[in-house]
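Keep the viewer open and follow along section by section.

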Amino acid sequence: MAVVKTVPQAAKWVDRAGLALLFPKADVVLPSLWEQVAGIQHVDWNREEINFFWWAKDELPARGLVCVGKHLARSASCVAPRLLPTLVAANGEPPEDGNPVVEAIREHGPLSGPQLRQATGLEKKVVDRSLATLHHQLVLTNDHLDPEGSTWGSLVHELLSRKWQIPEPLPERADARRELAAIVLEHARELTAADLGGALGWRRKDAAAVLEEIGDGRDDPAGFRIWTRR
């Protein structure tokens, strides 16, 4: 049943969920904002709710309510602002020195893909690949939608630390990973290491080690280990 009909409602739901995808993915054990907006698990492009959804997903970061970007499972996702220090501590990576995309945004402010291509002289495929990596590393994030540049508008990207002003000091990496794993386990109720690793971008060995700390594990007859909430 749909429970989200306004942008503030969407922000409140993400704050409760902590971590979520925009659209559901069958192999990712995270809730999705689409399910809360449309009341269904599969994506139906003909649903009336899709119009609100496309607008809301860009309004959330534009209003500074929710962090949106390809930060989880290499997919478009939502992160509650309160969890950003935790996520950065657990998953954040520094960009390579002299990255032209980062330097352009640092110098000129938030930029869209077309603006980045103009500022850097790089080809579209190079800029797109760099953006995907920098979102995954939690260096960049969505800022707002620029209505110019294409039929549907262009996403504008900003330094995550500048848009959200991540406080220092960050949590310890091990503590941050335990907190994130507990959130995912609470959503899924039971997890394999592959499930957790897929959702948060961790190696299976690392995911299994964290799950051993926070959950109760059992060996499945199929040969893999499953953890439930302790």
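## Salt bridges

With a relative accessibility of 43%, arginine 63 counts as partly exposed; here buried means under 20% relative accessible area, exposed over 50%, and partly exposed in between, using a 1.4 Å probe and protein chains only. The side chain of arginine 63 meets that of glutamate 59 in a salt bridge of 2.9 Å, N to O. Glutamate 59, at 21% relative accessibility, counts as partly exposed. A salt bridge is a side-chain nitrogen of Lys or Arg within 4 Å of a carboxyl oxygen of Asp or Glu, and the structure holds 16 of these salt bridges.

Please keep in mind that this is a predicted model, in which local features need pLDDT of at least 70 and side-chain atom pairs count only at pLDDT 80 or more, while totals for chains, interfaces and linings use all residues. Residues are numbered from 1 along each chain as its sequence is written, and side-chain values use heavy atoms, with hydrogens and water left out.

Another pair to look up is arginine 47 and glutamate 49, whose side chains form a salt bridge (3.1 Å, N to O). Arginine 47 is partly exposed at 26% relative accessibility, and glutamate 49 is partly exposed at 24%. There is also a network of salt bridges, which links Asp175, Arg178 and Glu213.

Strands β8 (residues 215-219) and β9 (residues 225-229) pair in the antiparallel sense over five bridges. Strands here are DSSP E runs of at least two residues, helices are H or I runs of at least four, and both are numbered from the N terminus. Two strands pair if DSSP finds at least two bridges between them. Glycine 217 stands opposite tryptophan 227 in β9.

Together β8 and β9 form a hairpin with five residues between them, and glycine 223 in the turn has a positive phi of about 105°. Aspartate 219 forms a salt bridge with arginine 225, with 3.0 Å between the closest N and O atoms. Aspartate 219 is exposed at 60% relative accessibility, whereas arginine 225 is partly exposed, with a relative accessible area of 27%.

## A three-stranded sheet

What is the order of the three strands in the open sheet? The order is β4-β6-β5, with antiparallel pairing. The edge strands are β4 and β5, each pairing on one side only.

Two bridges join β4 (residues 111-112) to β6, and serine 112 stands opposite valine 156 in β6. On the β5 side (residues 140-146), six bridges connect to β6. Leucine 145 has leucine 155 of β6 as its bridge partner, and threonine 141 is partnered with glutamate 158. Five of the six residues of β6 (residues 154-159) are buried, so this strand is largely enclosed by the rest of the structure.

## Nonpolar cores

A nonpolar core is a set of buried Ala, Val, Leu, Ile, Met, Phe, Trp, Tyr and Cys residues joined through side-chain atoms within 4.5 Å. The largest has 35 residues, of which Leu19, Leu30, Val79, Leu160, Leu196, Leu200 and Trp202 touch the most other members. Among the elements that give two or more residues to this core are β1 (19-21), β2 (67-72), α8 (160-164) and α11 (204-214). Helix α9 gives the most, with six residues. A second, separate core of 24 residues includes Val7, Trp13, Val37 and Ile40.

Beyond its neighbours within four places in sequence, valine 79 is in contact with Val14, Gly18, Leu19, Val66, Cys67, Leu72, Leu84 and Leu87; contact means heavy atoms within 4.5 Å.

In α10, the buried residues are Ala193, Leu196, Gly197, Ala199 and Leu200. Viewed down the axis of α10, these buried residues fall within an arc of 165°, so they line one face of the helix; the arc is that of the directions from the helix axis to the C-beta atoms. Glycine 201, with a positive phi near 75°, follows α10.

Asparagine 91 lies in helix α4 (residues 84-91). Is asparagine 91 buried or exposed? At 10% relative accessibility, asparagine 91 counts as buried. Leaving out residues up to four places away in sequence, asparagine 91 touches Gln137, Leu138, Arg177, Leu200 and Trp202. The side chains of asparagine 91 and tryptophan 202 are joined by a polar contact of 2.7 Å. A polar contact is a pair of N or O atoms within 3.5 Å; within protein, one must be able to donate a hydrogen and the other to accept it, and residues adjacent in sequence count only if both atoms are side-chain atoms.
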